[in-house]
Amino acid sequence: MNETLISVRDLKKYFTVRGGKTLKAVDGISFDIHKGETLGLVGESGCGKSTAGRTIVRLYEATGGEIIYKDTNINKLNKKQLKDYTRHAQMIFQDPYASLNPRMTVTDIVGEGIDIHNLYKGMERQKRIYEILELVGLSREHANRFPHEFSGGQRQRIGVARALAIEPDFIVADEPISALDVSIQAQVVNLLKDLQDELDLTYLFIAHDLSMVKHISDRVAVMYLGSIMELTESNELYDNPLHPYTKALMSAVPIPDPDISRAKKRIILQGDVPSPIDVPTGCKFQGRCPIAEDICRVEEPALREVLPGHEVACHMVKKP
Ligand SMILES: Nc1ncnc2c1ncn2[C@@H]1O[C@H](COP(=O)(O)OP(=O)(O)OP(=O)(O)O)[C@@H](O)[C@H]1O
Ligand SMILES: [Mg+2]
């Protein structure tokens, strides 16, 4: 157990934006993703979740740091090796409509990766496409239709089929259900879980809704302004959040039980999330942190293990 499939080390992705300024979307994140697990990645809008996911599957080239997939350093690959990696690492996108080409049939969409990677030809290819459609709860009757002929939930199933077509072992699911009706969100989550068991898949599951990730993730990483603030097993994060940012996020999660809800103090953070172009010195959270002290304003805290399997990046959290 806990065999590492992907190791992310001090990964950075910077963009050059207007005026030649540097926007630090992902600013030195480190974590391991274990084989067969779901690692949740949560944080507010703009904190760098999608950029992290896209950089890990190499849709973006990293500005710095390393991605190690099964002992291979992905940043140092030639073209052929990179193509090989992209076969193993796939992505499911938030908006199933925008991410599917409206002029392609389902067969073309699902078959594209099969062709790029030369996996099946002719009848075998068609047979494989039917198999995948059935695997994701669609049927062969859907094969010649276009994306607009489907409901949102079905479209996301096409997105899942496309990702699965080339038999990856790692999938970044970037808010795969946020754009869907609440009534069908659970169906897609259950589909992803079933597929994980059946195909031994490893997921990086991106979301900004904490209650959602708890349900699907084995462990959860909390991101703020391009950095990982806390990372631990999912139940532990909910029962024992240590970082003041996680505590604030957690206090915003609605609790169905009104008694508990009333007893729980809601933490309102001061100010707005700073811009990733003008990142604060020291801890990125210090300007909004209720417990920050002098050291927090000068030195950025490293992510370190304070309890077994529980990592936190905060000067104020002491090892017991
Ligand atoms: N291609 C790009 N060029 C320039 N800046 C970018 C680009 N992509 C993302 N950014 C910026 O990087 C930061 C992180 O964006 P990202 O989309 O990764 O955040 P996110 O956590 O996925 O947010 P959301 O929850 O809204 O999807 C933001 O400030 C965003 O404006
Ligand atoms: Mg995003």
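These points describe a predicted model, in which local features need pLDDT of at least 70, side-chain atom pairs count only at pLDDT 80 or more, and totals for chains, interfaces and linings use all residues. Residues are numbered from 1 along each chain as its sequence is written, while chains are lettered from A and ligands numbered from 1 in the order in which they are written.

1. Strand β9. All six of the six residues of β9 (residues 219–224) are buried, so this strand is largely enclosed by the rest of the structure. Here buried means that 20 or more other C-beta atoms, placed from the backbone, lie within 10 Å of the residue's own. In a regular strand, side chains alternate between the two faces of the sheet. In β9 both faces are covered, with R219, A221 and M223 on one side and V220, V222 and Y224 on the other.

2. Partners of β9. Two strands count as paired if DSSP finds at least two bridges between them. Strand β3 (residues 38–42) runs parallel to β9, with four bridges, and G40 has V220 as its bridge partner. Strand β10 (residues 227–233) is antiparallel to β9 and joined to it by six bridges; T232 in β10 lies opposite V220. Two residues separate β9 and β10 in a hairpin, and L225 in the turn has a positive phi of about 50 degrees.

3. β11 pairs with strand β12 (residues 310–312) in the antiparallel sense over three bridges. The bridge partner of E305 is E311 in β12.

4. Leaving out residues up to four places away in sequence, A161 touches V110, I132, L133, V136 and L138, a contact being C-beta atoms, placed from the backbone, within 7 Å.

5. Ligand 1. Fourteen residues surround ligand 1, the closest being A25, S45, K49, S50 and T51. The elements giving two or more residues to this shell are β1 (4–17), β2 (21–34) and α1 (49–56). α1 gives the most, three residues.

Key
Contact = placed C-beta atoms within 7 Å. Buried ≥ 20, exposed ≤ 12 C-beta atoms within 10 Å, placed from the backbone. Near = placed C-beta within 6 Å.
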